[in-house]
Amino acid sequence: MTDKPAEKKLRTAKKFTYRGYGLEELVGMKNEQLIELFTTKQRRRFNRGMKHKFQRLVQKLRKAKKGLQPGEKPPVVKTHMRDAVFLPEMVGNVVGIYTGKEFATVEVKFDMIGQYFGEFGLTYRPISHGRPGVGATKGSAHTSLK
C-alpha cells in the first residue's frame, strides 16, 4: 500500500456545441452561414424572408439583454409567436410564450437553438390517469363504498 494522496480529478464544464460550433462562433456567424446549419424546415422559412413580427421580437430580446450586470436575468419578453425559431443570440433571454390561456416563462438555453418556441410552451396540461372511480366499470358496482 502506498501513502500517496488520492488525486482529485477536476470537473471540466461541458462545452455545448450546435453542429460542431460553440456559442461564440454561432453568434458571430452571418445569417446565411447560420441558416445552412438549421434543418430543412427552418432553412426554407428563413430563405423566404424574416417577417416584420419576428424581426421586432429579436429587437425586443436584444433590448432586454442590453446593459445587464453579469449573472442578472433579463426581463420577460412576451410573445404570441409560437412558430418563431430560437437563434443563438437569444440564449440567456427569458421569453413568455403564449399557450392560449397564459404565458409560459421559458429561459432560453443553448440546447434550444433551431427549435420552435411552441415546443416549450405546451397548450395542454399532461394528465396522469388515476384509478377508476365508483361506477366506472361493471365490476366496481359490487365493491363496498367504504
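Colleague: Which residues touch the most other members of the largest nonpolar core?

Modeller: In this predicted model, the largest nonpolar core holds 30 residues, and L26, F54, L87, M90 and F117 are those that touch the most other members. The elements that give two or more residues to this core are α2 (31-37), α4 (52-65) and β2 (94-98), and α4 supplies the largest share, with five residues.

Colleague: What is F117 in contact with, once its neighbours within four places in sequence are left aside?

Modeller: Its contacts are L57, T79, M81, R82, A84, V85, F86, M90, V95 and I97. One of these, T79, has I97 of β2 as its bridge partner.

Colleague: What makes β1 and β3 edge strands of the sheet?

Modeller: The three strands form an open, mixed sheet in the order β1-β2-β3. Both β1 (76-79) and β3 (103-107) have a single partner strand, so one side of each is left without a neighbour in the sheet, and they stand at the edges. Neighbouring strands are turned by 25 degrees against each other on average, direction ignored.

Colleague: How do you know that β1 and β2 are paired?

Modeller: Pairing requires at least two bridges between the strands, and four bridges join β1 to β2, which run parallel; the two therefore count as a pair. Helix α4 lies across β1 and β2, and runs at about 170 degrees to β1.

Colleague: What makes the pair R45 and D83 a salt bridge?

Modeller: The side chains of R45 and D83 meet at 3.4 Å, N to O, and since a salt bridge requires the nitrogen to be within 4 Å of the carboxyl oxygen, the pair qualifies as one. R45 lies in helix α3 and D83 in the loop between β1 and β2, so the pair ties together parts that are 38 residues apart in sequence.

Colleague: How many salt bridges does the structure hold?

Modeller: The structure holds five salt bridges. Among them, K73 and E107 meet at 3.2 Å, N to O; because K73 lies in the loop between α4 and β1 and E107 in strand β3, this pair ties together parts that are 34 residues apart in sequence. K73, E107 and K109 are linked in a network of salt bridges.

Colleague: Which class does R125 fall into, buried or exposed?

Modeller: At 61% relative accessibility, R125 is over the 50% limit and so counts as exposed. The side chain of R125 meets that of E102 in a salt bridge at 3.6 Å, N to O, and E102 is partly exposed, with a relative accessible area of 37%.

Technical notes:
Residues are numbered from 1 along each chain as its sequence is written. This is a predicted model: local features need pLDDT of at least 70, side-chain atom pairs count only at pLDDT 80 or more; totals for chains, interfaces and linings use all residues. Side-chain values use heavy atoms; hydrogens and water are left out. A nonpolar core is a set of buried Ala, Val, Leu, Ile, Met, Phe, Trp, Tyr and Cys residues joined through side-chain atoms within 4.5 Å. Buried means under 20% relative accessible area, exposed over 50%, partly exposed in between (1.4 Å probe, protein chains only). Contact means heavy atoms within 4.5 Å. Axes are lines fitted to C-alpha atoms, for helices over the stretch in contact, and angles run from 0 to 180 degrees between N-to-C directions.
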